[in-house]
Amino acid sequence: MRLSVVGCGYLGAVHAAAMASIGHEVVGIDVDPRKIASLTRGEAPFFEPGLQDLLSEGLASGRLTFTTSIAAAAGAAVHFIGVGTPQQAGGYAADLTYVNTAVDSLLPYLAPGDVVAGKSTVPVGTTAELAPRVSATGATLVWNPEFLREGWAVQDTIDPDRLVAGVPAGLEGERAADILREVYRPAVDKRTPFIVTDYATAELVKVAANAFLATKISFINAMAEIAEVTGADVTQLADAIGHDARIGRKFLGAGIGFGGGCLPKDIRAFAARAEELGRRESVNFLREVDAINLRRRDRAVQLVVDGLGGSVFGKKVAMLGAAFKPHSDDVRDSPALDVAVQLNGLGADVVVTDPQAIENARRIHPQLTYEADRDVTIRNADAIVMVTEWDEYRRHLSPEHASSLTRGRVIVDGRNGLDADAWRAAGWKYVGMGRP
Ligand code: UDX
């Protein structure tokens, strides 16, 4: 099928490359000429495992092209919208400027029977508001939310755990759902659940899923707070409750909490939208989820201060990690960087390392010192703080090796990912989060 993908950021670039890899003819469109130039050269504008290969293959096959010209969308049967919906400046609600602009710019190039499939995360009610503009051209608007995780985006796009389509009522909606089934044929043939529903449900599925995941993380982090005043160990607690199949162990990793381009902004936008709908009380707990999450960053800072005897002033603190999670170079709302910035503000000589995210981190926090080499970062450090659980830090840094480089023997494990016994046995003061 011929497809267009409007917006070639994280979501759109991966979607375009993945759709070409399953045999479609895809044009990716973005207003940013630098992004398009880089994609056209086959260079992913961000770090995402597997994307580079997919891009090269797609470009070489001739099935994948990129352009800044929206006119190139003409002739495609399905037009995906993958632009960003960031948090509004000065508020919690989502900024829909890019979605509105993308849809309006597509209108002149739509033909009757085309499907416009929104993938961006939008506040419930957005699709119904946009639909009349699309219908006026004879095309059909559907909402087809994306659940990809950074670091696993390629796999999640080609082989998702479910597909959701919010469609209009009646024959028009059924036809549009059939067209989407055709787009996702390989997944549909594998019996991937394909849920066809109304607009509001499809929009809510996405924000509800992210709200649930954020709540799960903040739940275990709240337990970490209780563990800290009772001497309990939150990691053992998580293992024990995680054995209950109804609860499950995933997303019960206590530590410095969640960040990134999705969970923080999505729960805030959800709370803002619920308030507009007169249902503030229904998701009031999300404010608590947000507050718990932010407190854990402060807690990590406190643990470093305590670990260094009450002050970090003039002490060298080596920060292992800047990205909001491993396998990503994304530093948007990164808890790791937040902790680094706070320690820097307290007068610590902070040095930050990360296998992928240094350039992005430097752009938003140029005041910090960055070092690509892990061992140079920890050399002469008074304390090490592990804030992003890359394998380089979690698995491949032995306490013996660290001892040969650092000045101090304090390690704060912001992700509860290190072997506490091994570090202690090597003479280190190991400090976990929510652990005695
Ligand atoms: C998330 C959703 O998982 C995905 O379905 C949606 O499409 C986009 O938002 P992503 O932002 O890539 O994906 O990150 P995710 O893997 O969910 O992690 C989010 C944050 O939570 C990270 O900062 C991570 O370190 C943190 N986290 C995750 C924890 O603190 N503890 C955990 O147990 C799991």
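1. Terms for the chain. Helices (H or I, at least four residues) and strands (E, at least two) are DSSP runs, numbered from the N terminus. By that rule, P399 sits in helix 17 (residues 399-403).

2. What kind of model this is. This is a predicted model, in which local features need pLDDT of at least 70, side-chain atom pairs count only at pLDDT 80 or more, and totals for chains, interfaces and linings use all residues. Residues are numbered from 1 along each chain as its sequence is written, and side-chain values use heavy atoms, with hydrogens and water left out.

3. Domains. The chain is divided into domain 1 (2-197) and domain 2 (234-432). These bounds come from an automatic or database domain assignment. The C-alpha centres of the two domains lie 33 Å apart. At their meeting place, 17 residues of domain 1 are in contact with 17 residues of domain 2. Contact means heavy atoms within 4.5 Å.

4. Where does the ligand lie? Domain 1 and domain 2 both give residues to the shell around the ligand, so the ligand lies between them. There are 20 residues around the ligand, and L148, E150, K206, G253 and F324 come nearest. A residue is near a molecule or strand if one of its heavy atoms lies within 4 Å of it.

5. Make-up of the shell. Helix 9 (residues 199-230) gives the most to the shell, with four residues. By type, the shell holds ten nonpolar, four polar and six charged residues. Here Ala, Val, Leu, Ile, Met, Phe, Trp, Tyr, Cys and Pro count as nonpolar, Asp, Glu, Lys and Arg as charged, and the others, Gly among them, as polar.

6. Oxygen atoms of the ligand. A polar side-chain atom of K325 lies 2.9 Å from an oxygen atom of the ligand. For R415, an N or O atom in the side chain is 3.2 Å from a ligand oxygen. L252 uses its backbone: an N or O atom there lies 3.5 Å from an oxygen atom of the ligand. On its own the ligand has 670 Å² of accessible area, and the protein covers 90% of that. Accessible areas come from the Shrake-Rupley method with a 1.4 Å probe; for residues, only the protein chains shown count as cover.

7. Back to P399. Is P399 buried or exposed? P399 is buried, because its relative accessible area is 7%. Buried means under 20% relative accessible area, exposed over 50%, partly exposed in between (1.4 Å probe, protein chains only). Leaving aside neighbours within four places in sequence, P399 is in contact with A422, W423, A426 and W428. P399 and A425 are 26 residues apart in sequence, and their C-alpha atoms are 8.9 Å apart.

8. L263 in helix 11. L263 belongs to helix 11 (residues 263-276). With a relative accessible area of 12%, L263 is buried. Not counting residues up to four places away in sequence, L263 touches N210, A214, I217 and F258. L263 and T215 are 48 residues apart in sequence and 9.9 Å apart in space, C-alpha to C-alpha.

9. A102 in helix 4. A102 lies in helix 4 (residues 97-106). A102 is buried, at 6% relative accessible area. Leaving aside neighbours within four places in sequence, A102 is in contact with V6, I81 and V83.

10. The loop with D330. D330 is found in the loop between strand 9 and helix 13. At 7% relative accessibility, D330 counts as buried. D330 touches E150, G261, A323 and F324, not counting residues up to four places away in sequence. The side chains of D330 and R332 are joined by a polar contact of 2.7 Å. A polar contact is a pair of N or O atoms within 3.5 Å; within protein, one must be able to donate a hydrogen and the other to accept it, and residues adjacent in sequence count only if both atoms are side-chain atoms.

11. Positive phi. Most residues other than glycine have a negative phi. R191 has a positive phi of about 65° although it is not a glycine. R191 lies in the loop between helix 8 (185-189) and strand 8 (194-197). At 73% relative accessibility, R191 is exposed. D333 also has a positive phi, near 45°. D333 is in the loop between strand 9 (316-320) and helix 13 (335-345). D333 is partly exposed, with a relative accessible area of 30%.
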